[in-house]
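Subject: Handover of a structure

Dear colleague,

Please find below the structure that I am passing on to you. My notes on what was found in it follow.

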Amino acid sequence: MTIWEMLAVFVAGISAGTINTIVGSGTLITFPVLLATGLPPVTATVSNALGLIPGSVSGAIGYRAELAGQSRRVLRLSVAALIGGLTGATLLLVLPSTAFETIVPVLVTIALALVILQPRLTRAVQARRRRRGTSARSDGGPLLFAGLLLASVYGGYFTAAQGIIYLSLMGMLLDDSLQRLNAVKNVLAAVVNSIAALYFLFVAHFDWTAVVLIAVGSALGGQLGAKVGRRLPPVALRALIVAVGAVAIAQLLIRRYG
């Protein structure tokens with residue numbers, strides 16, 4: 001890499017760490033930059049996955065106050081993230097690089113629709129529970145576990161917009177604030193990135209310059225994202241999720257059909 005390419009990767013790492021902590025989809029920043037430096041797609045993907053781990057951990061630490069009282073929930077859902085992330089990482093080395101490109105924009109569109117409709121759907125679900133005299137499960141039950149497992153398969157494969165899918169699923173099935181769910185999302189993203197990168201260490205080739213630059217940048221960005229994200233009111237956070245998701249869909253479609 002030239003000095004300017006290294007600077008671009010570092011800045012992309014900061015940006016990705018920031019946006020991943022607040023919303024997700026930071027890979028849509030780092031991945032094109034890595035490709036522009038001349039890295040092959042698979043090398044760029046695995047280097048990106050390893051480099052973003054410090055950012056995910058940094059973001060989770062920044063949201064530690066919102067994680068209070070959620071240890072059992074996080075542990076249970078992390079199992080889904082672990083299994084799904086390992087499966088997705090395996091598929092990356094088996095399937096063609098375009099395998100998920102057609103379905104991903106559809107998944108993200110559905111996720112955004114759920115994020116937008118979440119307050120109304122949550123009220124409807126709560127009213128139904130009151131009529132039946134039941135309460136929400138603190139861990140979301142088998143449906144959330146299965147949904148996060150599938151989302152983590154995709155996350156282990158590519159990760160772009162993974163956080164938005166997590167938030168939409170948890171927002172539908174957990175009775176909690178968006179900020180607390182965002183804190184859980186950051187932990188799950190860290191689990192997926194970590195297990196995928198650990199697997200890649202044994203079977204794939206990394207560009208270690210890219211890894212280090214993204215790692216340092218994303219760690220800084222994770223702290224910045226936590227400071228900004230935790231101050232956003234629910235409406236603003238939801239609007240940001242939708243805006244980032246719309247950009248993600250546009251970029252994915254351009255890559256697929258442009």
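Leaving aside its neighbours within four places in sequence, which residues is A44 in contact with, where contact means heavy atoms within 4.5 Å? They are F31, L34, L35 and L39. The answer is taken up again below, after some notes on the model.

Residues are numbered from 1 along each chain as its sequence is written, and side-chain values use heavy atoms, with hydrogens and water left out.

Overall picture

The protein has 12 helices and zero strands; helices (H or I, at least four residues) and strands (E, at least two) are DSSP runs, numbered from the N terminus. Of its 258 residues, 50% are buried, that is, under 20% relative accessible area with a 1.4 Å probe and protein chains only, while exposed means over 50% and partly exposed lies in between. Among contacts between residues at least 6 apart in sequence, 84% join residues at least 24 apart.

The mean pLDDT is 82, and 87% of the residues reach 70 or more. Among the elements, helix α7 (residues 104-132) has the lowest mean pLDDT, 70, and α11 the highest, 92. Where pLDDT is low, the predicted coordinates should not be read in detail.

Helix α6 covers residues 71-92, and its 22 residues should span 32 Å at 1.5 Å a residue; the expected span is 1.5 Å times one less than the number of residues. The end C-alpha atoms of α6 are 31 Å apart, which agrees. Its buried residues include R73, V74, L77 and S78, and the buried residues of α6 pack against α3, α5, α8, α9 and α10.

Among the buried residues of α11 are A210, V211, L213 and I214. The partners against which the buried residues of α11 pack are α1, α2, α3, α4 and α10.

How α3 meets α11

The axes of α3 and α11 (residues 208-229) come within 8 Å and cross at roughly 35°; axes are lines fitted to C-alpha atoms, for helices over the stretch in contact, and angles run from 0 to 180 degrees between N-to-C directions. On the α3 side, S47, N48, L50 and G51 take part, meeting W208, A210, V211, I214, A215 and S218 in α11. By class, this contact has six nonpolar, four polar and no charged residues; Ala, Val, Leu, Ile, Met, Phe, Trp, Tyr, Cys and Pro count as nonpolar, Asp, Glu, Lys and Arg as charged, and the others, Gly among them, as polar.

A44 lies in helix α3 and is buried, because its relative accessible area is 0%. The C-alpha atoms of A44 and F31, 13 residues apart along the chain, are separated by 6.5 Å.

N186 belongs to helix α10 and counts as buried at 3% relative accessibility. Apart from neighbours within four places in sequence, N186 is in contact with N20, T21, S56, G59, A60 and Y63.

T37 sits in the loop between α2 and α3. At 19% relative accessibility, T37 also counts as buried. Not counting residues up to four places away in sequence, T37 touches M1, E5 and V9.

Yours sincerely

Note on methods. This is a predicted model: local features need pLDDT of at least 70, side-chain atom pairs count only at pLDDT 80 or more; totals for chains, interfaces and linings use all residues. Contact means heavy atoms within 4.5 Å. pLDDT is the predictor's confidence in each residue, from 0 to 100.
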